[in-house]
Structure formats: structure tokens, C-alpha cells
Amino acid sequence: MSSVDESAAAKDAGEDSVLIRMQDIRKHYEMGSQIVRALDGISVEIGRGDWVSFIGSSGSGKSTFLNILGCLDRPSGGEYFLNGVYVEELGANQLAEIRNREIGFIFQSFNLLPRATALGNVMQPLVYRRISYRRRKEMAMEALRRVRLDDRMDHLPNQLSGGQRQRVAIARALVTEPSILLADEPTGNLDSRTGAEIMQLFDQLHREGQTLILVTHEEDVAGLGDRVIELLDGKIIRDRRAGEPLH
Amino acid sequence: MFYVIFESTRSALISIFAHGLRSFLTTLGIVIGVASVIAVVSLTQGMSAFIGESFSSLGSNSLTIQSYTPIAEQMRGVRARLTPEDLELIERRGESIASITPILYANRTSQIRYAAQTTFSQIMGTTYAYSEVSQSYMLLGRFIAESDNLTRRRVAVIGEKVREDLALPENPVNEYVELGGEWFKIIGLLEPKGDIMGFNQDDIVLVPYSTMVSLQGNQARTDIQIQLSLSEDADVEDVTRQLTALLRNAHDLGPDEDDDFVINTAEQLMETFDTIINMVTLVIGGIVSISLLVGGIGIMNIMLVSVTERTREIGICKAVGAKRHHILAQFLIEAMLLSLLGGLIGLALGYGLGTAISSSIDSFPPASIPLWAIALALGFSGFVGVLFGILPAAKAANLDPIDALRYE
Ligand SMILES: Nc1ncnc2c1ncn2[C@@H]1O[C@H](COP(=O)(O)OP(=O)(O)OP(=O)(O)O)[C@@H](O)[C@H]1O
Ligand SMILES: [Mg+2]
């Protein structure tokens with residue numbers, strides 16, 4: 001089957017509820033003579049409005065997977081359809097466009113612009129959308145209000161606590177109203193109370209119909225979603241409904 | 001496109017002022033380059049404007065005729081001359097001449113003495129018409145009259161510089177000075193004219209032409225200069241051609257012989273000065289633009305460092321949707337603005353420097369910057385910014401998002 005047929009087929013599929021379809025995705029790193037198989041044949045389908053958690057021990061390939069899912073990184077092999085589009089065929093600028101329009105990425109290490117205020121950070125994705133400064137500011141303030149950070153808008157990232165930074169990162173991901181929200185260890189740096197607050201926010205977003213993909217290594221965080229996918233050494237070892245017993 | 005430029009300019013300005021000192025040091029090469037270009041240009045242009053004014057005060061339609069002997073002829077002991085007969089001939093047959101006067105320079109000594117004071121000056125014999133031809137006016141007393149020439153009177157008109165050098169009284173009229181062993185009565189003091197290019201126009205002594213001729217004795221060797229001014233509607237080139245024909249004929253020159261005289265117009269002289277000044281401007285400008293290139297390399301260097309330093313930031317911007325041209329525009333515009341700001345500072349500094357120099361040296365004309373120099377300086381510094389900004393900007397734009405994000 002040629003890739004054109006594939007993408008036509010995928011477009012049909014995109015019209016129903018499938019948002020992400022991955023087929024045998026691999027990511028290999030060559031380290032001298034050794035080959036690190038960070039991802040080793042991942043096949044998965046994720047529907048619109050789903051809340052899927054990826055879980056696995058450190059080094060199992062969760063971040064690598066999320067980067068490919070977020071069109072930040074390209075796989076070494078396999079096929080990836082996002083919203084019916086065959087991602088491998090896209091150029092750097094088209095990927096940038098997808099990252100801007102379709103994807104809200106919340107990084108494991110926040111990745112905020114150090115010299116911009118909380119407000120400036122949230123406004124940044126909108127710069128690439130030809131939105132006027134005033135409108136950008138309004139939208140960013142609205143997003144910060146949603147994460148209840150409207151009283152820290154003029155603070156630089158290094159003047160914010162870890163939880164506040166996490167919320168700035170979430171606001172930045174939300175402000176573009178993406179089709180998918182990707183979050184890498186959103187509670188990893190937080191105490192349990194702040195973590196619970198963030199999870200509450202995710203739950204609310206989910207109920208509003210937001211597609212959510214979460215990476216975590218905490219079982220109870222993963223359990224909040226609809227579906228839990230377990231990774232080990234770059235392979236899916238389990239794909240179950242949340243709340244199903246482990247054994 | 002406009003939106004991208006606008007947003008890039010905004011973030012470039014934020015980044016430039018966030019690192020104020022570093023930005024300034026980065027652009028210092030441009031500042032110095034532009035400042036020196038502007039200082040030099042403002043001085044030479046001021047000078048050339050001033051020379052233009054000085055020469056137009058000389059009267060743009062005045063001519064000077066001098067004898068001219070090529071070096072080869074001089075070696076053979078031949079000396080070309082302009083004689084009183086030539087003067088008479090031009091007076092009689094020359095066209096469109098408003099006034100004409102001979103000038104005879106003192107050939108032995110130009111020493112002049114008053115009481116115990118002695119000085120050297122430019123001593124010339126001339127007629128009443130000199131006043132009109134050279135636009136010299138009297139401050140005190142009177143100019144040489146026609147009757148002074150007819151009776152070879154021993155009278156002199158002096159310039160202000162000579163009066164000062166000889167410690168003559170404020171009003172030197174009726175005092176006596178010694179010239180070439182003879183006593184001359186001062187009949188007038190010229191209105192001061194100031195300097196042209198370090199040449200003091202007030203260092204001058206005028207005596208009647210016929211008196212000077214008799215002082216020199218050997219009339220067979222008299223070589224005079226002729227100065228004349230033309231009537232308003234005269235065409236300088238036509239008159240020059242006519243006078244050349246007249247003099248060649250009088251001097252019995254064959255068709256293959258060169259002129260043994262030269263006719264200078266004030267305009268020609270001015271053009272010569274202008275050419276020299278423009279050449280000086282060009283040469284210094286050329287040297288200084290090398291320093292602009294060096295400044296540009298400085299900017300490139302810092303921009304490269306800044307790209308490396310901001311690799312993670314670039315990665316973040318790309319992760320949230322920046323395309324290649326967004327990043328390219330941001331760094332390119334930052335380099336250009338940096339360079340342009342340097343150019344602006346340099347402009348102000350250079351003008352200040354030029355003004356300071358011209359006002360601290362008395363005889364220097366005031367500095368002036370022509371518009372083209374401002375446009376050129378800013379255009380060039382902007383261009384340098386773009387030229388040397390391309391490499392760092394391209395480097396930033398081509399970063400892979402995931403690699404940039406992982407950069408420590
Ligand atoms: N750029 C790279 N070059 C070489 N190996 C890499 C690179 N990035 C990741 N890896 C390897 O790929 C594997 C998966 O890494 P990844 O970051 O996806 O793990 P993770 O599941 O997110 O772990 P953690 O829970 O600690 O964040 C690791 O063994 C890692 O060493
Ligand atoms: Mg990880």
C-alpha cells in the first residue's frame with residue numbers, strides 16, 4: 001500500500017473519532033557502536049476527547065514518545081497520522097504550524113522563556129499567529145486566569161515557585177486552544193497538594209472535551225484518565241482501561 | 001510580512017536593551033567607524049563650503065594671466081614673460097573686460113620696516129583697478145589713485161596683518177615705512193578679509209605699479225601678472241579663448257608651440273580645491289569604512305555567541321510554533337538594529353567631534369554634515385548589520401527544535 005493511499009485512508013479515518021494513529025514507530029539513537037532503542041515498534045490509536053496516560057519506569061521512552069507525538073522530533077521509522085495528516089511528509093515549517101495550531105505541550109522541565117514574564121510566555125505562541133498585541137494580551141490573561149495565576153502575570157519565571165511555573169506552562173499550552181494537550185510529568189516537580197490542584201484542572205479540561213495525553217510514573221496520577229498505556233524499554237507492554245487491576 | 005518585522009523589532013529591542021552594556025560594546029566598532037567618517041566628512045565639507053564662499057567673494061568672473069615657463073625651457077635659461085605691452089594689448093583689444101590691472105611682485109626683497117620693527121610681506125605694484133578686480137575695500141584712508149601711478153608716488157596701502165606685525169598705530173595713515181630702501185607714505189588700510197586655507201589675505205602691501213617698475217630698474221626683464229574682471233554677461237570661456245589667441249599672436253607662437261602663459265579663473269581654482277578636498281574625503285572615508293567592516297565582524301561574533309547562549313530559548317520558540325523565518329527575522333533585525341543604533345550614536349558623536357575640532361581651531365570653518373553623509377552612514381551601518389547578521393541568524397533558524405531544547 002502506497003503512502004498516498006495510506007493518507008487518503010487516514011483522512012477517512014480522521015473524520016471519525018481517531019485523532020492519532022501510530023504504526024510501528026521506532027526511535028533509535030546510535031551511540032558509537034551501540035544502538036539505543038528508545039522506542040521499538042509502538043503502535044497505538046488515540047481518539048478525540050480521550051484522556052490517555054503513559055506510564056513506565058525512568059528511561060522507558062516516555063518523553064521520546066511524547067516528543068514524536070508533539071511533532072518536535074521525527075521517528076527513525078514507522079508511520080504517524082495526526083488528524084488524518086501523514087506527519088512524515090511535512091517540512092519543518094509545516095510541523096511548526098502543527099505545533100502552533102494543534103498541540104499544546106507541557107514540558108517535563110517547563111521550558112519557559114527566562115527573560116519573559118509569565119504573561120509574555122503565555123503570549124508567545126500567539127505571536128506566530130498574526131494576532132495583535134492587545135488581543136494576545138487579552139487571550140493570555142484569560143488563560144492565566146484559568147490556571148488561577150492572574151496575580152503573578154508580571155513575574156519572571158525565576159520569581160515563581162515550581163508549581164506556579166508549571167501553571168504558566170499549562171496556560172501557554174491552553175492559550176492556543178489546541179486539539180491535543182500533551183503533558184510530560186505535569187506533577188513530577190510538585191508537592192501532592194499542588195499536584196492535586198493541577199490534576200483537578202486537567203479533569204475539568206477533559207470534561208470540556210479536551211484530548212489529553214499524559215506521561216507519568218505515578219500510578220494514581222495515571223489512574224485518573226480513561227486509559228493507561230505501560231511502556232518498558234521502548235515497547236508497549238500493557239494497554240488497559242484505568243481502574244482495571246494491575247494483575 | 002509587516003507583522004513579522006514589527007514583532008521581531010519589538011523583541012529585538014527588548015533583547016538589545018536587556019543587555020544594555022553588552023549591546024553597546026558590541027556596536028562600539030560601528031560607533032567609532034561612523035563617528036570618524038562623520039567627523040571627517042563634516043570637517044572637509046565645512047571647509048569646502050567655506051572655500052566656495054571665499055572664492056565667490058573673489059568674484060567668480062575674474063581672470064588672472066601669468067607667464068608660464070615649462071621646466072624644460074627653464075633648464076635652458078629661457079624665461080617666458082608677460083610685459084607691459086601685453087597689458088596694453090589686452091586693454092585695447094580684449095572683449096567684455098570690466099576692469100583690468102597689472103600686478104608686479106617685488107622681485108628682490110619683500111622686507112618692510114617701520115621704526116625698529118621689520119617684517120616680510122607680499123608686496124605688489126598695482127593700479128586703482130585692483131580694488132575692484134579683487135574686491136578689496138578700504139577700512140581707513142584711500143586706495144591707490146590713477147594720479148599716484150602717473151607720478152610714481154611713493155605711497156602704500158597695507159593690510160591689517162602688516163599693520164599688526166609692524167606695530168603701527170590703529171590708524172596708520174600718514175606714517176612712513178621703508179620698502180626696498182625707499183620711504184613710502186601709508187595712505188590707506190584695507191578691510192580685513194581673513195584666511196583662505198591658512199593663507200592670510202591681510203598680509204599684503206600695495207604700491208603704485210609704476211613706482212614698483214621704477215624700483216626694479218631693469219625694465220627689460222619685467223614679468224607682470226594681469227588680473228581682470230569681466231562684465232556681467234561675459235562668457236568666461238569665450239574671453240579666455242580670445243585672450244589666448246591675442247597673446248599667442250603677440251608672443252609669435254607657432255601652431256605647434258605651447259602657450260607661454262596661463263589664464264586662471266577663480267572658478268578653476270575653486271574646482272581644484274574641491275577636487276583635492278573630495279579626494280581627501282574619499283581616501284579617509286575608505287580607510288574608515290574598513291573599521292566599519294571590523295565593527296560588523298564584532299557584531300557577527302557577539303550575535304553568534306548570543307545564538308548559542310539562547311539556543312534553548314530558540315528551541316522553546318520553535319516548540320510553540322516559530323517557523324524558520326520568524327527566528328531568522330528576529331536575529332537579523334536584532335543585528336541590524338544593533339548596528340543602526342551604533343550608527344546613530346556614531347553620527348551624534350562624529351558631529352560633536354567635528355564641531356569641537358572646528359571650533360577649537362580658530363581658522364577652521366564651522367563643521368557641516370551633508371544629508372548624503374547621514375544617509376550613507378546609516379545605510380551602511382544597517383547594511384553591515386544585515387550582512388554580518390545573516391550567518392548567526394541562519395544558524396539560529398536552522399536549529400532543530402528538539403536539539404535546541406535539549407541544549408545545556
Ligand atoms: N538524544 C539522545 N541520545 C541518545 N539516547 C537518548 C537520547 N534521548 C533519549 N535517549 C535514551 O532513550 C531512552 C528513553 O529516554 P526518555 O527520555 O524517553 O525516557 P523517559 O521514559 O522519559 O524517562 P524519565 O521518566 O526519566 O523522564 C533513555 O534510555 C535515554 O538514554
Ligand atoms: Mg521523561
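In this predicted model, an oxygen atom of ligand 1 sits 2.5 Å from an N or O atom in the side chain of Ser58(A). Another side chain to look at is that of Thr64(A), where an N or O atom is 2.6 Å from an oxygen atom of ligand 1. For Gln108(A), the distance from a polar side-chain atom to an oxygen atom of the ligand is 3.2 Å. A polar contact here is a pair of N or O atoms within 3.5 Å; within protein, one must be able to donate a hydrogen and the other to accept it, and residues adjacent in sequence count only if both atoms are side-chain atoms. Ligand 1 on its own would expose 640 Å², and the protein buries 69% of that (accessible areas follow the Shrake-Rupley method with a 1.4 Å probe; for residues, only the protein chains shown count as cover).

The setting of ligand 1 is between chains A and B. Around it are 15 residues, of which Ser58(A), Gly59(A), Lys62(A), Ser63(A) and Thr64(A) come nearest (a residue is near a molecule if one of its heavy atoms lies within 4 Å of it). By class, this shell holds eight polar, four nonpolar and three charged residues. Strand E1 (18-31), strand E2 (34-47) and helix H2 (62-69) of chain A each contribute at least two residues to the shell, and H2(A) gives the most, with three.

Turning to the chain as a whole, chain A contains eight helices and ten strands (DSSP runs numbered from the N terminus, with at least four residues of H or I for a helix and at least two of E for a strand). Of its 247 residues, 53% count as buried, meaning under 20% relative accessible area with a 1.4 Å probe and protein chains only.

The largest nonpolar core has 68 residues, and those with the most contacts inside it include Ile20(A), Met22(A), Phe54(A) and Leu69(A). Such a core is a set of buried Ala, Val, Leu, Ile, Met, Phe, Trp, Tyr and Cys residues joined through side-chain atoms within 4.5 Å. Beyond its neighbours within four places in sequence, Met22(A) is in contact (heavy atoms within 4.5 Å) with residues including Ile42(A), Val44(A), Phe65(A) and Tyr80(A). A second, separate core of 38 residues includes Phe184(B) and Ile224(B).

Residues are numbered from 1 along each chain as its sequence is written, while chains are lettered from A and ligands numbered from 1 in the order in which they are written. Local features need pLDDT of at least 70 and side-chain atom pairs pLDDT 80 or more, whereas totals for chains, interfaces and linings use all residues, and side-chain values use heavy atoms, leaving out hydrogens and water.

Notes
Ala, Val, Leu, Ile, Met, Phe, Trp, Tyr, Cys and Pro count as nonpolar, Asp, Glu, Lys and Arg as charged, and the others, Gly among them, as polar. Buried means under 20% relative accessible area, exposed over 50%, partly exposed in between (1.4 Å probe, protein chains only).
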